[in-house]
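Q: I have a structure open and want to learn how to read it. Can we go through it feature by feature?

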Amino acid sequence: MSTICVVGGGGYVGLGYAVALARLGNQVIGLDIDAERVAMLNAGNTPLYEDGLESLLADGLLAGNLRFTTSYDDALADAEFVFLCTGTPSLSDGEADLRQVRAAARAIGERLPTGRRVIVVNKSTMPVGAAEMVAMVVGANAPHGADFRVVSNPEFLREGMVVHDILHPDRVVLGGDDPDATAAVAALYAPLGAPVIQTDHRSAELIKYAANAFLATKISFINDIARLCERLGADVTVVAEGMGRDPRIGPRFLHAGIGFGGSCFPKDVGALTRMAEGAGLHPGLLRAVLEINADARRRFVTRADALLNGLEGRTVAVLGLAFKEGTDDLRESPAISVIDMLEERGATIRAHDPRAMANAARKLSHLVLCDDAYHAAEGADAVMLCTPWPEYRSLDLPRLRAAMRGDLLMDGRNLLDPVNAVDAGLRYEGIGRATKESGSIPAPLAR
Ligand SMILES: NC(=O)c1ccc[n+]([C@@H]2O[C@H](COP(=O)([O-])OP(=O)(O)OC[C@H]3O[C@@H](n4cnc5c(N)ncnc54)[C@H](O)[C@@H]3O)[C@@H](O)[C@H]2O)c1
């Protein structure tokens with residue numbers, strides 16, 4: 001059993017690790033500067049929705065090996081490991097904003113004890129070279145004789161699956177230059193039985209960015225194919241299925257739609273692009289990934305505008321606000337971009353999300369927030385499905401249609417069956433699901 005401080009312990013990654021490390025039998029203190037979150041957590045309430053989080057939190061609090069604090073002095077008093085899980089959001093030019101990391105590193109350095117070693121574990125996604133920066137900031141603020149090491153340990157969890165993914169990792173990546181320190185971190189993960197990839201700091205840091213950029217590329221790739229399907233009269237859902245059955249390609253991340261969002265893909269592709277530019281390269285592929293992604297949302301709104309003969313004065317029901325299903329996280333959500341563009345064009349929005357309503361009430365209070373999809377559809381000229389929540393798959397489409405004023409159903413995630421929608425009296429528009437009639441014959445064949 002180890003004593004572990006999780007810095008940023010009120011966030012998605014930090015809270016997931018706090019409860020999971022406690023579950024593995026460690027003594028864990030979650031540290032966060034957000035006093036409201038800390039109070040909630042100590043009372044057994046999670047500030048964010050993730051399956052399984054609340055029960056593990058309750059277990060840890062009850063067992064007495066998990067608690068939360070806002071005090072660095074308290075959290076670092078006995079810590080052998082410090083998991084650094086603060087946010088690394090984007091600056092406006094795409095570069096990673098490392099201010100939270102620097103502030104935490106300073107505070108950690110100031111409280112390092114002398115006479116025993118502390119291992120700082122970098123969990124936050126940080127640009128290549130950041131481990132050296134963290135070591136420098138911790139060291140510059142540490143008392144004389146403090147003994148610490150930094151290990152890079154990027155995180156690959158998916159929001160919506162935080163607890164599951166932490167307890168069942170595909171791999172554990174550990175970067176560092178001190179074999180004893182990396183071995184000590186590997187020992188924390190040993191009960192999970194995952195393969196461990198040991199490498200240097202920079203390779204570990206780049207693995208995280210390269211992995212996210214690759215997944216984002218897959219999404220933008222299929223969205224590019226979807227645009228082509230619309231022009232040529234093909235159905236991208238079938239094209240993706242036919243591609244995805246090839247085990248070299250695989251079916252995941254091949255769902256055409258209004259693009260990726262969330263707190264990771266856009267910022268990590270942006271940061272990798274900036275890293276490549278900073279290294280004197282021209283990251284054409286990464287730029288295209290971001291451009292196609294932005295275009296996917298824009299095209300969705302432009303199409304609504306055309307199909308409704310203008311959005312001014314129209315009422316649109318938006319189904320799904322979270323950036324993806326299974327989470328209440330609204331950060332960089334494609335749904336929010338779509339709403340912003342609809343509103344700019346004069347539409348009024350009625351919105352529903354199965355899990356993100358509390359967040360929406362705080363951050364999107366100007367919208368008409370509705371208890372369910374049918375309530376949202378009341379009097380709407382169009383329904384626009386933006387997040388692929390499984391519950392939307394079984395919507396009662398005749399009931400939805402009956403609640404609406406208009407008949408347009410725009411399925412931004414290709415979640416619904418077009419035939420059922422048409423049978424319910426709806427005008428169905430998916431992404432990349434052209435009919436033969438709407439496609440044009442490529443020029444060389446037409447001649
Ligand atoms: N969310 C994901 O799916 C995911 C997946 C993999 C990696 N990551 C990476 O993990 C990191 C954290 O992401 P997140 O989504 O958990 O962020 P988050 O914003 O949910 O959590 C960050 C937490 O850190 C706290 N914090 C900020 N400054 C602090 C400080 N100086 N001292 C103590 N606490 C402080 C905040 O109050 C917040 O609770 C990011 O680098 C992100 O890129 C996130």
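Q: How many bridges join strand β12 to β13, and in which sense do the two run?
A: To read a strand pair, look at its bridges and its direction. In this predicted model, β12 (residues 382-385) and β13 are joined by four bridges and run parallel.

Q: What does β13 do with β14?
A: Those two strands also pair in the parallel sense, over three bridges. Here M410 has E429 in β14 as its bridge partner.

Q: Are the faces of β13 covered or open?
A: To judge a strand's faces, check the residues on each side for burial. In β13 both faces are covered. L408 and M410 are buried on one side, L409 and D411 on the other. Note that D411 is in the buried set, and that Asp is classed as charged.

Q: How many bridges does the pair β9 and β10 have?
A: Five bridges, again in the parallel sense, between β9 (residues 315-319) and β10 (residues 348-352). V318 has A351 in β10 as its bridge partner.

Q: Which residues is V383 in contact with, leaving aside its neighbours within four places in sequence?
A: Skipping sequence neighbours leaves the contacts made by folding the chain back. For V383 they are A317, L319, A377, L400, M404 and L409. L409 is also one of the buried residues of β13.

Q: How far apart are the C-alpha centres of the two domains?
A: The centres of domain 1 and domain 2 lie 33 Å apart. The contact takes 15 residues from domain 1 and 16 residues from domain 2.

Q: What is the make-up of the domain 1 side?
A: Sort the residues by class. Where domain 1 touches domain 2, there are eight nonpolar, four polar and three charged residues.

Q: Which residues come nearest to the ligand?
A: List the shell, then pick out the nearest members. Around this ligand there are 27 residues, and G8, G11, V13, S124 and T125 come nearest. Helices α1 (12-23) and α5 (99-111) each supply at least two residues of the shell.

Q: What classes make up that shell?
A: Ten nonpolar, eleven polar and six charged residues.

Q: Which loop holds E332, and what about its phi?
A: A backbone angle is read together with its place in the chain. E332 has a positive phi of about 55° although it is not a glycine. E332 sits in the loop between β9 and α13 (334-344).

Q: What of N414?
A: N414 is not a glycine either, and its phi is positive, about 50°. This residue lies in the loop between β13 (408-411) and α18 (418-423).

Q: Where is D305, and which residues is D305 in contact with?
A: D305 is in helix α12 (residues 284-307). Leaving aside neighbours within four places in sequence, D305 is in contact with G310, L311 and R345. D305 and L342 are 37 residues apart in sequence, yet 8.4 Å apart in space, C-alpha to C-alpha.

How values were computed
Residues numbered from 1 in each chain as written. Predicted model: local features only at pLDDT ≥ 70, side-chain atom pairs only at ≥ 80, totals over all residues. Near = placed C-beta within 6 Å. Contact = placed C-beta atoms within 7 Å. Domains from an automatic or database assignment. Pairing = 2+ DSSP bridges. Buried ≥ 20, exposed ≤ 12 C-beta atoms within 10 Å, placed from the backbone.
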